[in-house]
Amino acid sequence: AVHADRTELRAPPRVLAMVAEFDREALLEESGNISSEAIWRTTELRQLKPNWTSFRDAKLIEDRDAQFLIRFQREPLHTQGALLSEDSQEFCLAFLTILKNVNNEGSMQYLLTTLDELMKESKDVAKLFKHLVGTKMDPFAVLGDLMSKPDDLVAARACNVVVHLMNAGLVPREDSVRGMMDFVRTETQRDSKHKKFCFLAILAVLQALLRDHQRRIVFYEAKGLHMLIPLLKNHNGNTQLIYQVCHCIWLLSYTDEIKPKLADMQIAAILTHILKQVQKEKVVRMILGTFVNLIVEGEFVNVLSVCGAHRLLENMKQRTWNDEDINSDMETLLEKVSINVETKSNFDDYSKEILSGELEWTPMHRSIVFWDKNVHKFLERDMVVLKALLEYIKPGGQKESKTIAIALHDVGEFVRAHPSGKALVTKHGAKPYIMHHLTSHDQSVNKEALLCVQKLMCH
């Protein structure tokens with residue numbers, strides 16, 4: 001059945017209730033000056049008067065279906081939902097018969113727009129189609145075919161109606177689920193094929209599907225994560241896209257079999273980076289909720305620390321958040337990450353790592369607590385640790401890019417945290433080394449060199 005697992009009941013009720021709803025207000029924000037009416041043409045399409053008798057005369061539909069649709073079409077828009085409920089079996093069958101048999105763009109746009117809008121107004125309208133699931137006029141089978149139509153408006157409206165049906169508790173057959181899963185996986189890898197609103201409607205279908213535990217496993221085993229991660233990497237600032245993909249990952253994080261695979265450095269780094277960039281509360285809520293679900297997994301708290309989550313959470317805490325779940329999840333994460341950082345922020349361990357030459361992104365490097373607490377120790381023992389860092393960023397020699405990037409980061413932190421940091425780094429002739437790495441072909445080295453230069457200029 002389409003339901004939230006028992007573990008999902010911790011989620012805000014409004015999130016579960018609207019878990020896969022297509023957010024048109026957000027889409028409007030993402031679409032610049034394009035109004036939602038210009039995208040969806042709702043008023044125009046609901047006023048259409050398709051010639052149902054012509055389809056009857058062409059023997060595409062029965063006279064009974066044509067008469068039902070003519071009667072429905074004459075009804076004022078505000079009472080069409082009530083009329084549909086009065087004789088639901090006949091009306092639902094007529095709608096699906098035409099959608100299945102009549103390949104006419106105008107009639108498809110009219111019927112799908114009407115269903116989408118009526119179901120948006122009342123979940124009870126979607127429930128009227130329940131008796132047809134598993135029959136020759138299975139709504140999921142009919143709509144599944146329409147989702148792949150070349151007309152983006154038809155495809156998007158069909159996706160919306162599918163989402164409404166699942167949100168109303170209708171359960172698609174396994175063959176329909178497999179078909180929709182395959183469709184979503186294929187189409188989300190061809191984002192340039194669809195207009196933005198259609199692409200997001202396709203993602204909404206995936207959100208609805210992933211509410212079910214078993215479907216999440218099927219999606220993961222079919223390498224679904226490989227589909228989602230590139231979307232987060234190449235989101236082009238589309239907040240609605242980010243939200244919908246993060247929501248899919250959040251749903252996946254409720255499945256025990258998938259949790260260990262989500263709790264890795266790549267996903268944590270991507271989501272942490274998005275938290276730094278995106279201020280929308282619904283996106284923040286999804287990411288923090290995912291982190292809370294994964295924090296129990298092995299070394300994930302350490303992974304978050306390495307990604308700089310401690311400083312990020314501290315900064316986020318200074319903001320006022322309207323969503324109580326954000327505040328609660330932030331407190332939970334901050335407590336666990338702080339304990340981890342405190343435990344692992346030992347200068348002796350840091351010194352051993354630096355002097356060993358085997359540098360890794362351990363929590364100490366990105367911990368503001370570590371730097372503020374230990375920065376004066378860099379001057380001890382003839383500044384051996386500081387000199388080692390400066391040696392790593394000296395041009396020439398066979399050094400790994402990761403080692404150079406970490407050393408540049410740490411030099412920058414030393415400059416930021418120590419009152420004489422800039423003077424000491426300059427005295428040891430390290431400025432030209434840092435400038436040299438600004439032209440590095442390695443992205444991480446280039447980034448850390450730029451940040452280091454900024455700290456030199458600001459302190």
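**A friendly note on pockets, helices and a few residues**

1. By class, 11 nonpolar, 12 polar and 8 charged residues make up the lining of the largest pocket. Please keep in mind as you read that this is a predicted model. The largest pocket holds about 1,200 Å³ of space. Its lining consists of 31 residues, and those lying nearest its centre are Ala-269, His-273, Lys-276, Arg-366 and Lys-447.

2. Which helix gives the most to the lining of the largest pocket? The answer is H19, with 9 residues. At least two lining residues each come from H16, H19, H22, H28 and helix H31 (443–458).

3. Lys-276, among the residues nearest the centre of the largest pocket, sits in helix H19. Is Lys-276 buried or exposed, or something in between? Its relative accessible area is 46%, so Lys-276 is partly exposed: the value falls between the 20% limit for buried and the 50% limit for exposed. Setting aside residues up to four places away in sequence, Lys-276 touches Cys-307 and Leu-312. Another pair to look at is Lys-276 and Ala-309, which are 33 residues apart in sequence, with their C-alpha atoms 9.8 Å apart in space.

4. Rolling a probe the size of a water molecule over the atoms shows where empty space is left. How many cavities of 30 Å³ or more does the structure hold? There are 2. The second largest cavity contains about 30 Å³ of space. Around the second largest cavity you will find Thr-272, Leu-275, Phe-291, Leu-304, Ala-309, Leu-312, Leu-313 and Leu-333. H22 provides the largest share, 3 residues. Sorted by class, the lining of the second largest cavity has 7 nonpolar residues, 1 polar residue and no charged ones.

5. Next comes a pair of helices. Two packed helices are described by the angle between their axes and the distance between the axes. For helix H16 (residues 225–233) and H19, the axes come within 11 Å and cross at roughly 30°. The crossing of H16 past H19 is left-handed. On the H16 side, the contact is made by Leu-225, Ile-229, Leu-232 and Lys-233, while H19 brings Gln-266, Ile-267, Ile-270, Leu-271 and Ile-274. By class, these contact residues divide into 7 nonpolar, 1 polar and 1 charged.

6. The loops on either side of H16 deserve a look too. Lys-223 is placed in the loop between helix H15 (213–221) and H16, and Asn-236 is in the loop between H16 and helix H17 (239–252). Lys-223 has a relative accessible area of 55%, so it counts as exposed, the limit being over 50%. Asn-236 is exposed as well, because its relative accessibility is 76%.

7. Glu-413 belongs to helix H28 (residues 401–417). Why is Glu-413 called buried? Its relative accessible area is 0%, and therefore it falls under the 20% limit. Leaving out neighbours within four places in sequence, the contacts of Glu-413 are Arg-311, His-365, Trp-371 and Lys-455.

8. Finally, turn to Leu-111, in helix H9 (residues 105–121). With a relative accessibility of 0%, Leu-111 counts as buried. Beyond residues up to four places away in sequence, Leu-111 touches Trp-52, Leu-69, Phe-95, Ile-98 and Leu-99. How far is the C-alpha atom of Leu-111 from that of Lys-422? The two atoms are separated by 69 Å, and the residues are 311 apart along the chain.

Conventions: Residues are numbered from 1 along each chain as its sequence is written. This is a predicted model: local features need pLDDT of at least 70, side-chain atom pairs count only at pLDDT 80 or more; totals for chains, interfaces and linings use all residues. Side-chain values use heavy atoms; hydrogens and water are left out. On a 1 Å grid over the protein atoms alone, a cavity is a set of points where a 1.4 Å probe fits but cannot get out, and a pocket is an open set with protein on both sides within 12 Å along at least five of seven lines; lining residues have an atom within 4 Å of a point. Grid points are joined across faces, edges and corners, and a volume is the space filled by probe spheres set on the points. Helices (H or I, at least four residues) and strands (E, at least two) are DSSP runs, numbered from the N terminus. Ala, Val, Leu, Ile, Met, Phe, Trp, Tyr, Cys and Pro count as nonpolar, Asp, Glu, Lys and Arg as charged, and the others, Gly among them, as polar. Buried means under 20% relative accessible area, exposed over 50%, partly exposed in between (1.4 Å probe, protein chains only). Contact means heavy atoms within 4.5 Å. Axes are lines fitted to C-alpha atoms, for helices over the stretch in contact, and angles run from 0 to 180 degrees between N-to-C directions. A crossing is left-handed if the near helix is turned anticlockwise from the far one by less than a right angle, and right-handed if clockwise.
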